[in-house]
Amino acid sequence: MGLWFTEKQTDNFGITAKIKQTYHTEQTAFQKLNMVETEEWGNMLLLDDMVMTTEKDEFVYHEMVAHVPLFTHPNPKEVLVVGGGDGGVIREILKHPSVTKAVLVDIDGKVIEYSKKYLPSIAGKLDDPRVEVRVADGFMHIAESEKAYDVILVDSTEPVGPAVNLFTKGFYAGISKALKDDGIFVAQTDNPWFKADLIRQVYADVKEIFPVTRLYTANIPTYPSGLWTFTIGSKIHDPLKVKEERFFEIDTKYYTKQLHHACFVLPRFVEDLTV
Ligand code: SAM
């Protein structure tokens, strides 16, 4: 039989994965952290019994949360990641030569510590000289920042525990203040099958603050329902109006310049969440 981990995505539905070994289990000051090796997905980080990232499918999420806004901005230099302690988004940001500073603010230093140890293919760039790692509450960092960033990426856990404030209108208004005059932000906004109300609310809030607001999707097999959404809020630049010459060759396994446009074509039941 062996050991199996099950994430309940709803009270009546979930996914299950066969575990090869458990590297580390700890109740941190903020959440329950598990680092395991699975038969199917390689090493996997779990927080509060929810899949955060796996070695096999992490590239989808990390490429899509990073490259869509970074190619939309004409010249991103200073970039902030709120959350993202596994380091995957930082790895993708550093593929943009224009970036001179990438700041990561994660509330839980244990996530960073164990990701470096057990997820080197994901966390391996956290020691790059362009990277500044801060262990702090992202909500407070945003509140203390003004016109500081070109692009802000919110790679947080779901709206539970320490991340509840990161899905509020007040936080998005703070992000607008923390961004420069032509700034762009993206937040992961969960899945349309089980969290339609969350997406509808976040989209409506962001639309009241940012002139350009859009929703895009990606397929992430180990995330609830496998269909994930991202909400983009931009002060000026529209992801669907990126000039052809802005795109350069980049080492990716999911993101392409064609997908950059296609990911905004939404199935009707998802599109209905944006009206
Ligand atoms: N990609 C994953 C997802 O979409 O579910 C998220 C991965 S990342 C590991 C999530 C991070 O958000 C965690 O490391 C957690 O510590 C961090 N986090 C949660 N609340 C936070 C807050 N208020 N400020 C900063 N980081 C926070």
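The side chains of Asp 238 and Arg 214 are joined by a polar contact of 2.8 Å, where a polar contact is a pair of N or O atoms within 3.5 Å; within protein, one atom must be able to donate a hydrogen and the other to accept it, and residues adjacent in sequence count only if both atoms are side-chain atoms. This is a predicted model, in which local features need pLDDT of at least 70 and side-chain atom pairs count only at pLDDT 80 or more, while totals for chains, interfaces and linings use all residues. Residues are numbered from 1 along each chain as its sequence is written, and side-chain values use heavy atoms, with hydrogens and water left out.

The Asp 238–Arg 214 pair also forms a salt bridge, with the closest N and O atoms 2.8 Å apart; the term covers a side-chain nitrogen of Lys or Arg within 4 Å of a carboxyl oxygen of Asp or Glu. This pair links distant parts of the chain, since Asp 238 sits in the loop between S12 and helix H8 (257-262) and Arg 214 in strand S11, 24 residues apart. Helices (H or I, at least four residues) and strands (E, at least two) are DSSP runs, numbered from the N terminus. Asp 238 counts as buried because its relative accessible area is 11%, whereas Arg 214, at 26%, is partly exposed; buried means under 20% relative accessible area, exposed over 50%, and partly exposed in between (1.4 Å probe, protein chains only). A polar atom of the Asp 238 side chain also lies 2.9 Å from the backbone nitrogen of Leu 240. Leaving aside residues up to four places away in sequence, Asp 238 touches Thr 72, Val 212 and Arg 214, contact meaning heavy atoms within 4.5 Å.

Other charged pairs deserve a look too. The count of salt bridges comes to 20. In one of them, Asp 128 meets Arg 130 at 3.4 Å, N to O. Asp 128 is buried at 19% relative accessibility, and Arg 130 is partly exposed at 26%. Glu 132 and Arg 134 form another salt bridge, their closest N and O atoms being 2.8 Å apart. Here Glu 132 is partly exposed at 28%, and Arg 134 is partly exposed at 36%.

Salt bridges also link Glu 58, Arg 91, Glu 92 and Lys 95 in a network. With residues up to four places away in sequence not counted, Glu 92 touches His 62, Glu 63, Ala 66, His 67 and Thr 252.

We turn next to the nonpolar interior. A nonpolar core is a set of buried Ala, Val, Leu, Ile, Met, Phe, Trp, Tyr and Cys residues joined through side-chain atoms within 4.5 Å. The largest such core has 46 residues, of which Ile 90, Ile 93, Tyr 216 and Phe 230 touch the most other members. Helix H1 (residues 58-72) gives the largest share of this core, 9 residues. Apart from this core lies another, of 22 residues, among them Val 103, Val 154, Leu 179 and Val 202. Ile 93 touches Leu 70, Val 79, Val 81, Val 99, Ala 102 and Leu 153, again not counting residues up to four places away in sequence.

Helix H6 (residues 169-178) has Phe 171, Tyr 172, Gly 174, Ile 175, Ser 176 and Ala 178 as buried residues. The buried residues of H6 pack against strand S6 (78-83), helix H5 (138-143), strand S9 (149-155), strand S10 (179-188) and helix H7 (196-209).

Around the ligand there are 23 residues, and Gln 31, Asp 106, Gly 138, Pro 162 and Tyr 223 come nearest; a residue is counted here if one of its heavy atoms lies within 4 Å of the molecule. A nitrogen atom of the ligand is 3.0 Å from an N or O atom in the side chain of Asp 137. The protein covers 99% of the 590 Å² of accessible area that the ligand has on its own, with areas taken from the Shrake-Rupley method with a 1.4 Å probe; for residues, only the protein chains shown count as cover.

Finally, Thr 222 lies in the loop between strand S11 (212-219) and strand S12 (227-234), and is buried, with a relative accessible area of 1%. The Thr 222 side chain makes a polar contact of 2.7 Å with the side chain of Asp 57.
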